[in-house]
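The exercises below ask you to work through a structure one step at a time, with each task followed by a worked solution. Please keep the sequence and the model open while you read.

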Amino acid sequence: MIESEVARRSLIRAVRPDRYSESLLERLVTSHDLAPMPKVAALAFKMMPDAVIRPKEAEEVAEVIQIANSWDIPVTPRGGGSWGFGGAVPNNGGVLLDMTSMDKIISLDAERGIVRVQPGVVWLRLDEWLRRRGYFVPYYPSSAPGATIGGWISTGGVGVGSYKYGAARDNVRSLQVVLPSGRIIDTAHISDSKHPSQFDLTSFFIGSEGSLGIVTSIDLQVYPDPEAFFPASYSFANMDMAYNALAKISEARLKPYHVAFVDDNTFRFLRAMGREAPEVGGMINLVFEGQKAKVDEELKFFDALMTSIGGKRESDAVSHHEWMERSYELRTKKLGTGAVIGEALVPIGETAAVARETLQLVKKMKMSLAVNGYLIDRGTVAFLPYYLTDERRWIKSISSLSFVKKFLDISNAHGGRGVGLGLFMANNVRAMRDVNTVKLLRKIKYDIDPHGRVNGGKTVELKLRFGIRVGPRLFRAGMNALAILKRMYPRDKYDRPVPGGFPGGEHP
Amino acid sequence: MIKIPEERELYACLQCGYCRAVCPIYAETGWESNNPRGKLFALKQLANRGPMDLVLGRDPKPGEDFKMRLYQCTSCGACDEVCHVNIKLAHLWEELKEWMLEQGFEPLEAHKAIREKIEKTRNPYGEPTDKRDAWLTDKSMLSANPEVLFFAGCTASYRVGFLGQAVVKILKAANVKFNVLGEDEWCCGSPLLRTGQTGPVKNDLAPHNTKAIETRGVKAVITACAGCYNTMKNDYPAIVGKPTYDLYHLSEYLDKLIKSKRLVLKKDPANKSPYLGVKVTYHDPCHLGRHARVFDAPRNVLKAIPGLQLVEMPYNRESAHCCGAGGGYKSAYNYTSESIAAKRVQEAEEVGASFIITSCPFCQVNLNAGAKKIGSKVKTVDIVQVLEQFI
């Protein structure tokens, strides 16, 4: 609850009474993201906001921030809440800005191929809207049916289609941002939005995880709806062959629209759930789009390439199914009742080594894990392992969370980096950047937001309740202790046996 | 300790929010607690109550506000369709409403009134039981040895009798021998099942209707109401066991009649059909489509009409948007219900349709109310109203 009655009244006036809530129910259901945090975590972080506000316009966001500044109230922006690193979760209560209320598609500039949207628009809805008008948005998160545009670009924005069309950074032309001071800025002028000749302010805010300001409008590059679209899946006898195939694809003169992989454990988990899944050692899913002749040429080219390195072309039905499942990579959560994702960008040549060490880690930690991922450019793989957990067993569940840190250590050691920092992985910034860069990042944050009120205590530093800072050493020691604790427990068990045993170990 | 139905499913929920993006109620209110994901998260906190809540200074327990959130649901099942981990959400919401009532909460006033009327008069409108078949003016059409039994449903019986009349006219044109239950037809129980008041359905309505049908010895039952069809197809077997008859939604039966050439559709015999020369679109009722998986039959019937220009709205079949009337929502929250309907009408306008054709009397009523709300000229009619002009 907001303690000051005057502050409360001001905040309500800034929006409207029907877009302000202090109800326990509303605060409770907005106190989390995808990560299944045990209740005990709330001792460290005050994850439940004091009030939930649903703004409609940038001016309302600005007014809320100004009031928050006057009354020293933390502000946390939340989009679809479908990330897993706590970027949209309060760490010290305050106001939660539910940005899904800003969900208007404002305009489509057909001449320039630019759509202007509010940040709360869901990716899939935008794509559907554009396709009815002859356009499409070819880059989006795999969580497109639920993720918001503002949320994704705040996390850096790599995903489906990034291989051909680039990341958010390559496609966002301009942003309207409410700064932590309450001032509203536009990051680009219409004439230089595609080729900024000065300081690239748009890029500055992308991937800042809401710590430098709150995005209230986005100009996105869109493209004409393609003439042809074709998915083709290739199975391999083992994942080493599949990782090798990724490297070969990245060296090819032609470029598919999307290149994804799914490991054998994913299929094993699916079978354990009673679903049909191919019995293969791994799968590479290619997708082609564009002019029909070009798609035909690419298909022929990659068909030959994949076959030459041991790939087997799966049926169109399987290929179509794999494509349709691109947003459903965590169906197997039901197997353990919980699943926690790690996400790292790994140099393509290191993928097999990262995979091998990750499976060894999992074996040591007596857990079960599957991996999927995709190419984001010719040199980089987005590597997404997820482990099954049972959050009803909270000590085991919380000790398992140390896997994410350990996995990021592996990817860092191989020249990779974690995708998200947010709240839970904020201290990982020290492992990815040199000390001077981290200092500069912090300086930028505090120059823009001197009191760290807007999504403070995240991304460049880790702060608990009451603003208590936790340094990387303490964080690392805590994670190591949790990992040791996890190894002391018996191997994880699940309700349903996985045919062929669990990855990295014997059948429980 | 509170025992919550399907507790394991609460933990399986990924919180991905795919359901959030398709929930018609959330689209209206915008509150996280109104969408399926939010409700599941709140329930998980209830299932997981413990001393830690006291330490954290909170005490999540089922309250009136949570009850309201459960009842602010049209039972459309759109969440079910997109669920990342295949939780049977539509079923879960109904179970949870029942569970809330078991915890001592009262049903919403509008729903309580429906129950009282059904218990007293066997229909949710409180109309006299002996007027149940008053819509059927010519009783001589009834066969003593029928092929099918037409289960008219309460709404066609008491509110939109012209639908029943259109059905019998079409059956007669196809030389189908039929009969009705008359006073023996009671409410199917759908309004009670969807609002958590399952007792009278399990103890009374379902056993009675099943016995009444089986006593007649018919091999097939047809109903023109999506709600009745869904209830008899998906709920009755769990209550009264496997039926001894084949159940058809009218559109399925008509599809059969047309395919077997028993029903031959003519090219606008009266030369005055308002449905020709304009675009028409089909709205999938949630209870017929997503819940009962009947998507093709009504479309096949409409495609068999010579000259009818059928266009699809962008959201159709499994992803069809709800009209806002189901799950007892309209009776309790009429204003928002009509706002949801208005959005669906706008979708029909966007594809240039002059008529929305549907197979559910509730959808028809609410879509027309939605059109009125926004001053739209789009009119919603039942599939039988269209078909009767071509026989």
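Predicted model: local features only at pLDDT ≥ 70, side-chain atom pairs only at ≥ 80, totals over all residues.

**Exercise 1: Salt bridges between the chains**

Residues are numbered from 1 along each chain as its sequence is written, chains are lettered from A and ligands numbered from 1 in the order in which they are written, and side-chain values use heavy atoms, with hydrogens and water left out.

Task: find which residue of chain B pairs with A:Glu26.

Solution. The partner is B:Arg69, with 3.5 Å between the closest N and O atoms. The pair again crosses between chains, from helix H2 of chain A to helix H6 (residues 64-71) of chain B. A:Glu26 counts as buried at 2% relative accessibility, and B:Arg69 counts as buried at 17%. A further salt bridge joins the side chains of A:Arg78 and B:Glu32 (3.6 Å, N to O), and across the interface of chain A and chain B the rule finds four salt bridges.

**Exercise 2: The interface as a whole**

Task: state how many residues each chain gives to the contact, and how much area is buried.

Solution. Chain A contributes 51 residues and chain B 46 residues, contact meaning heavy atoms within 4.5 Å. About 4,000 Å² is buried between the two chains, and carbon and sulfur atoms give 57% of this area; buried area is the accessible area (1.4 Å probe) that two parts lose on being put together, summed over both. A:Leu25, A:Lys39 and A:Lys334 supply 19% of the area that chain A buries against chain B, more than any other three residues.

**Exercise 3: Aromatic pairs**

Task: decide whether the rings of A:Tyr139 and A:Trp152 are stacked or edge-to-face.

Solution. Rings of Phe, Tyr and Trp (its six-membered ring) pair if their centres lie within 6.5 Å, and planes under 30 degrees apart count as stacked, over 60 as edge-to-face and the rest as tilted. The structure holds 26 aromatic pairs over all chains. A:Tyr139 and A:Trp152 are stacked, at 6.5 Å centre to centre with 15 degrees between the planes. A:Tyr139 lies in the loop between strand S7 (135-136) and helix H6 (149-154) of chain A, and A:Trp152 in helix H6, so the pair ties together parts that are 13 residues apart in sequence. Both A:Tyr139 and A:Trp152 are buried.

By contrast, B:Tyr275 and B:Phe355 form an edge-to-face pair, 4.7 Å centre to centre and 70 degrees between the planes.

Key: Helix = DSSP H or I, 4+ residues; strand = E, 2+ residues; numbered from the N terminus. Buried < 20%, exposed > 50% of the residue type's maximum accessible area, 1.4 Å probe, protein only.
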